[in-house]
Amino acid sequence: MGLLTLLRKLKKSEKEFRILVLGLDNAGKTTALKKLADEDITHTMPTQGFNIKSVIHEGFKLNVWDIGGQKTIRPYWRNYFDQTDALVFVIDCSDHRRMDETGVELNQLLDEEKLAGVPLLIFANKQDLMNAMGPDEVTEVLGLTNIRDRAWHIQPCSAKTGEGLQGGMEWLVKNINKS
Amino acid sequence: MFTLAGNFYNWVKKKQEKSVTIIVLGLDNAGKTTLLYGLKDELPQADVTPTIGFRPSKLISGKYTIQWFDVGGAKNFRRVWQSYYPEVHGVIYVVDAAAPERFEEAKETLDKTLESEGIPGKPVLIFANKQDLDGCISAHELSQKLGMLDRKDCCHHVANCQAKPNEGDPVDPRIGKALKWLLDAIEKDYKSLSERVKKDMEEQKRKEKERKEAQRKRAEEAKAARLREQAE
Ligand SMILES: Nc1nc2c(ncn2[C@@H]2O[C@H](COP(=O)(O)OP(=O)(O)OP(=O)(O)O)[C@@H](O)[C@H]2O)c(=O)[nH]1
Ligand SMILES: Nc1nc2c(ncn2[C@@H]2O[C@H](COP(=O)(O)OP(=O)(O)OP(=O)(O)O)[C@@H](O)[C@H]2O)c(=O)[nH]1
Ligand SMILES: [Mg+2]
Ligand SMILES: [Mg+2]
């Protein structure tokens with residue numbers, strides 16, 4: 001193998017990352033990813049399995065796995081944990097009644113050995129809705145301040161309007177495990 | 001004999017190792033995240049973004065393993081700071097010394113921190129940051145503005161710094177010097193500080209376990225209620 005090919009290979013493997021997107025059903029995961037990829041978001045259906053999308057951001061290739069969040073699908077989340085470089089957790093901030101359920105699911109993820117130390121981006125989604133909880137409130141309700149073993153960032157956003165999505169991705173690219 | 005000597009060496013080494021946790025606080029845009037690079041003797045990344053969350057990092061320096069907590073300084077985020085207080089040995093408070101319009105806010109925020117549970121008795125290092133900017137004030141002037149000049153009840157030190165070096169310049173040596181002050185202050189009181197931290201952290205862990213348990217229960221109840229509603 002020539003030096004150039006080797007370098008190219010190295011560069012490629014260095015720059016491709018696996019991102020896992022999780023969250024309860026209806027949180028807005030698929031909508032957020034479609035919006036980031038500039039696709040039409042009007043007919044988003046609940047995800048029954050998973051979608052993979054490749055997003056190029058500042059020269060990084062992010063292979064993003066969008067997994068369905070319905071209760072019946074959640075037990076399968078763990079099939080996707082291997083070699084995750086960053087975890088994105090999407091929250092419907094207007095769904096106050098399910099905040100506790102959200103917290104329970106997130107805590108379980110944080111306890112997963114395979115996801116230990118993986119940086120966590122939280123999309124505090126649906127900020128376009130009047131009754132949406134702000135990121136500070138979500139931080140408190142979910143007890144995010146108890147996390148010590150990884151970097152986390154909470155990004156207020158609206159998958160519908162696209163606001164905040166880029167900011168979140170920027171944080172992700174900077175804080176991803178690059179080793 | 002060899003094993004024995006080895007063991008003895010390890011024992012001595014262990015005895016000297018000290019783990020220290022330091023939190024970096026200050027208003028948004030003060031330069032906390034930028035300064036953290038300097039504290040680790042690294043040049044800052046070109047484009048830091050506002051922190052809305054938490055970034056832990058580690059540094060081994062001599063006999064210290066330092067655990068750093070970088071948190072966001074935006075107004076609505078400051079209330080989460082206190083969750084970290086029980087486990088820190090010392091505090092770094094960063095002020096943008098070239099933003100006079102925010103000195104009052106910086107003072108109020110510092111005062112509140114110094115009074116918060118988990119802080120009194122712990123050393124505080126204050127940085128008058130952005131010394132490269134026009135109109136910046138010196139550490140001494142800042143100390144006065146923050147009402148720290150004649151505060152005897154709080155072990156503190158105020159230092160000048162430029163967290164973001166000019167293009168091509170090395171890390172500001174004043175940062176390492178000031179950090180040494182903080183580590184020395186912690187060292188002097190290490191035994192009682194670390195006992196206090198240990199005790200407070202156990203208490204915190206217990207509370208957190210309770211909180212998680214209560215959350216799990218509430219989630220189950222909410223789910224049951226939903227199922228009932230759907231059935232009706
Ligand atoms: N108002 C508003 N609605 C949103 C937003 N994001 C998503 N939605 C709506 O929320 C619903 C669920 O969105 P999806 O993207 O399918 O949610 P999901 O997380 O992929 O759900 P599952 O695939 O079932 O796990 C859709 O009707 C979206 O239009 C938002 O930011 N604001
Ligand atoms: N000129 C100058 N700019 C600085 C200096 N230190 C930091 N900055 C700039 O100030 C801005 C804010 O710096 P950050 O490190 O993000 O500030 P922060 O305190 O972490 O802010 P939050 O995370 O929002 O709480 C950035 O644009 C830095 O480049 C300095 O010494 N001189
Ligand atoms: Mg979906
Ligand atoms: Mg910051």
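**Ligand 1 and its surroundings**

An oxygen atom of ligand 1 lies 3.3 Å from a polar backbone atom of A:Ala27, which falls within the definition of a polar contact (a pair of N or O atoms within 3.5 Å; within protein, one must be able to donate a hydrogen and the other to accept it, and residues adjacent in sequence count only if both atoms are side-chain atoms). The model is predicted: local features need pLDDT of at least 70, side-chain atom pairs count only at pLDDT 80 or more, and totals for chains, interfaces and linings use all residues. Residues are numbered from 1 along each chain as its sequence is written, chains are lettered from A and ligands numbered from 1 in the order in which they are written, and side-chain values use heavy atoms, with hydrogens and water left out.

- For A:Lys29, an N or O atom of the side chain is 2.7 Å from an oxygen atom of ligand 1.
- A:Thr30 places a polar side-chain atom 2.7 Å from an oxygen atom of ligand 1.
- Ligand 1 taken alone exposes 660 Å², of which the protein buries 84% (Shrake-Rupley method, 1.4 Å probe; for residues, only the protein chains shown count as cover).

**Ligand 2 and its surroundings**

- Backbone N or O atoms approach oxygen atoms of ligand 2 at 3.0 Å for B:Asn29 and at 3.3 Å for B:Ala30.
- A polar backbone atom of B:Ala163 is 3.0 Å from an oxygen atom of ligand 2.
- Of the 660 Å² that ligand 2 exposes when taken alone, the protein buries 86%.
- Among the 20 residues that surround ligand 2, the closest are B:Lys32, B:Thr34, B:Thr51, B:Gly73 and B:Asp132.
- By class, six nonpolar, nine polar and five charged residues form the shell around ligand 2, and its largest share, three residues, comes from α2(B).

**Magnesium sites**

- The magnesium ion (ligand 3) has A:Thr30 (OG1) and A:Thr47 (OG1) as its protein donors, 1.9 to 2.0 Å away; donors are N, O and S atoms within 2.8 Å of the metal (3.2 Å for Na, K and Ca), and water is not among the atoms, so sites may look incomplete.
- These two residues are 17 residues apart, with A:Thr30 in helix α2 (residues 29-36) and A:Thr47 in the loop between α2 and β2 (50-57) of chain A.
- A:Thr30 counts as buried because its relative accessibility is 14%, and A:Thr47 is buried at 12% (buried means under 20% relative accessible area, exposed over 50%, partly exposed in between; 1.4 Å probe, protein chains only).
- B:Thr33 belongs to helix α2 (residues 32-39) of chain B, whereas B:Thr51 is in the loop between α2 and β2 (53-61), 18 residues apart.

**Fold of chain A**

- Chain A has five helices and six strands, in the order α-β-α-β-β-β-α-β-α-β-α.
- Buried residues account for 56% of the 179 residues in chain A.

Terms used:
Helices (H or I, at least four residues) and strands (E, at least two) are DSSP runs, numbered from the N terminus. A residue is near a molecule or strand if one of its heavy atoms lies within 4 Å of it. Ala, Val, Leu, Ile, Met, Phe, Trp, Tyr, Cys and Pro count as nonpolar, Asp, Glu, Lys and Arg as charged, and the others, Gly among them, as polar.
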